[in-house]
Amino acid sequence: MDLEPYRGELVAYCYRMVGSFHEAEDLVQETMLRAWKARDRYDHTRASTRTWMYRIATNVCLTALEGRARRPLPSGLGAPSDDPGAPLTPALDVPWLQPFPDARFDTGTRTDMRLALVAATQILPPRQRAVLVLREVLEFTAAEVAVQLGTTVPAVNSALQRARAALAEAHEIDEVTDPDDPKTRATIGRYVRAFEAADVPALVRLLTDDAILEMPPVPLWYRGSHDYGLFMRRVFDMRGTGWRVRPLTANGQPALAAYAPEPGGGHHLHTLQVLTLTGERVARNVVFADPAVFEAFDLPQRISFDEFDQRR
């Protein structure tokens, strides 16, 4: 029994369930181990290998989520700040939502991995979360999901209905913009050039009026292009100019690895930024400064000017 072909999609599934890429990898490893140990009991006449694997993965995730708080983004915890000069004190006791490194696995899907949707899904009870992802994203039948969760078809349909209603009330589902779309690429290119030049007015012109900026593990977040611009001015005043940016993708969205200049030359990794576009404007920027996130994306900590231009 070859289980390895399922690893990528199972990591994506577990990530949607728990909101952490590293934890998702660990849960899939546990899933693989359980499946291998139970391989002699697998009955192909009752379920496909894929359905069977998802049943095991679901049980592993539900066990891991017992008694655990959801993984939020700062915008899910309270009102936006109106002080762009507020202290940037990280809340290290919060299990923050993490981004998904697209380059690590070919998950076969993009739109249902976007950060806002994963964050909104986190508000659901774990079993509702599983029903939503299994039915809406992975397109298992209600009967298959009932088997995977050890319940009934009516219970699955009821849970799906409640999950849809809860997400509709969340109002945080951003529209999807393909990072490979030419207009998207052009907008990201303009944003990169403005960022590297520390050109705050140019950055602000690329934002929607109510653009959101948030920075886990710092619990602060800002809404509106004005405060976004004031905060970016603060960043450039603190860190200097001459930044370098490497474009990539995360959660099926455009993303940027931002490298700040060092006094002695070269650049050090500062943040990973995941952008949501509405049309040709940036509507949201989730800025991650967690070393574990950098590790998941295999980002070098420091890079020289020449090395950067060669890798770009």
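A residue counts as buried when its relative accessible area is under 20%. Keep that cut-off in mind as we walk through this structure, which is a predicted model. Phe231 has a relative accessible area of 4%, so Phe231 is buried. Tyr222 is buried too, with a value of 1%.

These two residues also bring us to the aromatic rings. A pair of aromatic rings is described by the distance of the centres and the angle of the planes. Rings pair if their centres lie within 6.5 Å, and by this rule the model holds eleven aromatic pairs. In the pair formed by Tyr222 and Phe231, the ring centres are 5.5 Å apart and the planes meet at 35°, so the pair is tilted. That label follows because planes under 30 degrees apart count as stacked and those over 60 as edge-to-face, with the rest called tilted.

Elsewhere, ring pairs join Tyr15, Phe21, Phe100 and Phe105 into a cluster.

Now let's turn to a helix. Thr51 belongs to helix α3, which covers residues 49-65. Is Thr51 buried or exposed? Its relative accessibility is 6%, so Thr51 counts as buried. What does the side chain of Thr51 make a polar contact with? The partner is the side chain of Ser48, at 3.0 Å. Leaving aside residues up to four places away in sequence, Thr51 touches Phe140, Glu144 and Gln148.

How values were computed:
Residues numbered from 1 in each chain as written. Predicted model: local features only at pLDDT ≥ 70, side-chain atom pairs only at ≥ 80, totals over all residues. Heavy atoms only, no water. Phe/Tyr/Trp six-rings, centres within 6.5 Å; stacked < 30°, edge-to-face > 60°. Buried < 20%, exposed > 50% of the residue type's maximum accessible area, 1.4 Å probe, protein only. Helix = DSSP H or I, 4+ residues; strand = E, 2+ residues; numbered from the N terminus. Polar contact = N/O pair within 3.5 Å; in protein donor to acceptor, adjacent residues only side chain to side chain. Contact = heavy atoms within 4.5 Å.
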